[in-house]
Amino acid sequence: MNPVNYLYLAALLFTIGATGVLIRRNAIVLFMCIELMLNACNLAFVAFSRMHGNLDGQIIAFFTMVVAAAEVVVGLAIIVSLFRSRHSASVDDASLMKL
């Protein structure tokens, strides 16, 4: 397969994730869309790495996965605390927690 096809797939996945972030209001769906966007970036990094014949893109993709894993842990902890206090996982309710 041509590496350009992987870039088209990465652009499609990123677009789906960005659309989900802009449209949805549920915090769990929001985090899944952010993860989809990060995975699309990883796919683009690996495709560019393959096109240029070096491992730099794969190393960046690895570090992006580490950051994404840490983001999921912190994000889910925030969502659980929001759900326990408001009994809802809506992002609109999160602005009510400011004092």
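Predicted model: local features only at pLDDT ≥ 70, side-chain atom pairs only at ≥ 80, totals over all residues.
Reader: Let's start with Ile16. Which helix is Ile16 found in?
Author: Ile16 sits in helix H1, residues 3-23. Helices here are DSSP runs (H or I, at least four residues; strands are E, at least two), numbered from the N terminus. Residues are numbered from 1 along each chain as its sequence is written, and side-chain values use heavy atoms, with hydrogens and water left out.

Reader: Ok. And is Ile16 buried, exposed or partly exposed?
Author: Ile16 counts as partly exposed, because its relative accessibility is 46%. Buried means under 20% relative accessible area, exposed over 50%, and partly exposed in between (1.4 Å probe, protein chains only).

Reader: Which residues form the nonpolar patch on the surface?
Author: Met1, Tyr6, Leu9, Leu12 and Ile16, with about 530 Å² of accessible area together. Patch members have over 30% relative accessible area and no salt bridge; like charges are joined within 9 Å, nonpolar side chains (Val, Leu, Ile, Met, Phe, Trp, Tyr) within 5 Å. The areas come from the Shrake-Rupley method with a 1.4 Å probe, and for residues only the protein chains shown count as cover. A salt bridge is a side-chain nitrogen of Lys or Arg within 4 Å of a carboxyl oxygen of Asp or Glu.

Reader: Switching topic, how do H1 and H2 cross?
Author: The axes of H1 and H2 (residues 27-52) come within 8 Å and cross at roughly 165°. So H1 is roughly antiparallel to H2. Axes are lines fitted to C-alpha atoms, for helices over the stretch in contact, and angles run from 0 to 180 degrees between N-to-C directions. Under 35 degrees is roughly parallel, over 145 roughly antiparallel, 65 to 115 roughly perpendicular, and the rest oblique.

Reader: Left-handed or right-handed crossing?
Author: Left-handed. That's when the near helix is turned anticlockwise from the far one by less than a right angle; clockwise is right-handed.

Reader: What about Gly20, buried or exposed?
Author: Gly20 counts as buried, at 11% relative accessibility. Gly20 is also in H1, and its C-alpha lies 9.9 Å from that of Met37, 17 residues apart in sequence.

Reader: What's the overall secondary structure of the chain?
Author: Four helices and zero strands. Buried residues make up 24% of the 99 residues.
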